[in-house]
Structures are given as structure tokens and as C-alpha cells.
Amino acid sequence: MNFQKIKSYSLLLLSIVLFSCEELETEPNQSTDSETFNVNGQELVDLVNQYRTEGCRCGSEQMPAVRTITWNEALAKTAYLHSKDMNNKNYFSHTGKDGSYPGTRMERQGYNWRTYGENIAKGYSNERAVIEGWIDSEGHCRNIMNPNFQEMGVGKEGDYWTQVFGTR
């Protein structure tokens, strides 16, 4: 075998391995056992769905009840990695230090979004406190109550929280 054939076979094998890994990452996981992301996913889904099923006031507007949302591990990982980056690099923004936006970060985790939203927070002690903080903020509340979102994930690192919403 000459060098060119070996190089071609190696590239083919690498492509197959990368494609296989990408497929595994895009498989949705509805588990809410998210200790890896430093949050209680089930509690977060329950709190969000309580507002979504009852409706609530976002600023001056009464938001109607909307369908429930489900947990997604790819979105939770997206959220966690953004919280970790903000914590490690001491900043607070929807734009990552690498210039990334939520949609870009979601795509990195294999989530092919049709629509997305993101809430960030800093300084809250637990799941209930951060959700109540977001509900008290009109823009964040609108994300929580957005009927176009079907899935969510949350991640926390240090004092930083990120909530990512998406629909494929």
C-alpha cells in the first residue's frame, strides 16, 4: 500500500468515527437527572411547567397558559458550558467570550434548532429562587412562557445560571 492509499483510508476511518460520535450526541435524552450540570432538572421542569400550565404575569401582560416543556440533555449541556465559561472568565453575557451566541452553542452540542431562547442569571442560591427571579423579569418571563419552545435545559457553575430553550 502506498502512502496516498493509507492517507485516504485513515481519513475515511476518521470521518466514520466523527459521524458516529455526532449521531450519538444528537440523540435526545429526556432524563432530568442532571447532577452533572449542578442542577435538579426535575425540579426546574416542574417549576417552569407550573407557570406554563397556569399562566402568569410577565411585566404588565398576563400570559395565557401554554403546553408543558420537556428537559433535554443537549440543551442542559449547552447551558452548563455557558455558565462554566462565564464563571471561569468572570463575565455575564449572552455572547460567549469566543463570540458565540446561544444558537451556535446549541449546534455544538448537536441540537438542530428551529427556534431558541436563553435566560442567564447570577447569584441565586437554588432552583426555585432562580426561576422566581426569571419570572420577575419581563423578558426572561416571556422566554419561560413562550409557546414556541418545546424543550429546555439548565446548567449552573459557581453563581452563574443559564437556561436554554429550543424547538427542533
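Close-up 1. Aspartate 85 has a relative accessible area of 19%, so it counts as buried (buried is under 20% relative accessible area, exposed over 50% and partly exposed in between, with a 1.4 Å probe and protein chains only). This is a predicted model, where local features need pLDDT of at least 70, side-chain atom pairs count only at pLDDT 80 or more, and totals for chains, interfaces and linings use all residues. Residues are numbered from 1 along each chain as its sequence is written, and side-chain values use heavy atoms, with hydrogens and water left out. Aspartate 85 pairs up with lysine 89 in a salt bridge, and their closest N and O atoms are 2.9 Å apart (a salt bridge is a side-chain nitrogen of Lys or Arg within 4 Å of a carboxyl oxygen of Asp or Glu). Both residues sit in helix 3 (residues 73-89), four residues apart, which is about one turn of the helix. Helices here are DSSP runs of H or I with at least four residues, strands are runs of E with at least two, and both are numbered from the N terminus. Lysine 89 comes out as partly exposed, because its relative accessibility is 46%.

**Close-up 2. The disulfide between cysteine 58 and cysteine 141.** Search the whole structure and you find one disulfide (a pair of cysteine sulfur atoms within 2.5 Å). The sulfur atoms of cysteine 58 and cysteine 141 are 2.0 Å apart, and the link is left-handed, with -65 degrees about the S-S bond. Cysteine 58 belongs to strand 1 (residues 56-58) and cysteine 141 to helix 6 (residues 138-145), so the pair ties together parts that are 83 residues apart in sequence. Both cysteine 58 and cysteine 141 are buried. What about cysteine 56, which is in no disulfide? For cysteine 56, the nearest cysteine sulfur is that of cysteine 141, 3.7 Å away. Cysteine 56 is buried too, at 8% relative accessibility.

**Close-up 3. Helix 2 crossing helix 6.** The axes of helix 2 (residues 41-54) and helix 6 come within 9 Å and cross at roughly 85 degrees. Axes are lines fitted to C-alpha atoms, for helices over the stretch in contact, and angles run from 0 to 180 degrees between N-to-C directions. That makes helix 2 roughly perpendicular to helix 6 (65 to 115 degrees; under 35 is roughly parallel, over 145 roughly antiparallel and the rest oblique). Helix 2 brings Val48, Tyr51 and Arg52 to the contact, and helix 6 brings Asn143, Ile144 and Met145 (contact means heavy atoms within 4.5 Å).

**Close-up 4. Arginine 142 and glutamate 138 in helix 6.** Arginine 142 makes a salt bridge with glutamate 138, with the closest N and O atoms 3.0 Å apart. The two are four residues apart in helix 6, about one turn. Arginine 142 is partly exposed at 30% relative accessibility, and glutamate 138 is partly exposed at 38%. Glu61 joins in as well: Glu61, Glu138 and Arg142 are linked in a network of salt bridges.

**Close-up 5. Glutamate 151 meets arginine 168.** The side chains of these two form a salt bridge, 3.3 Å from N to O. Glutamate 151 is in strand 5 (residues 151-157) and arginine 168 in the segment after strand 6 (160-167), so the pair ties together parts that are 17 residues apart in sequence. Buried or partly exposed: which is glutamate 151? Glutamate 151 counts as buried, at 10% relative accessibility, while arginine 168 is partly exposed at 35%. Over the structure, the count comes to seven salt bridges.
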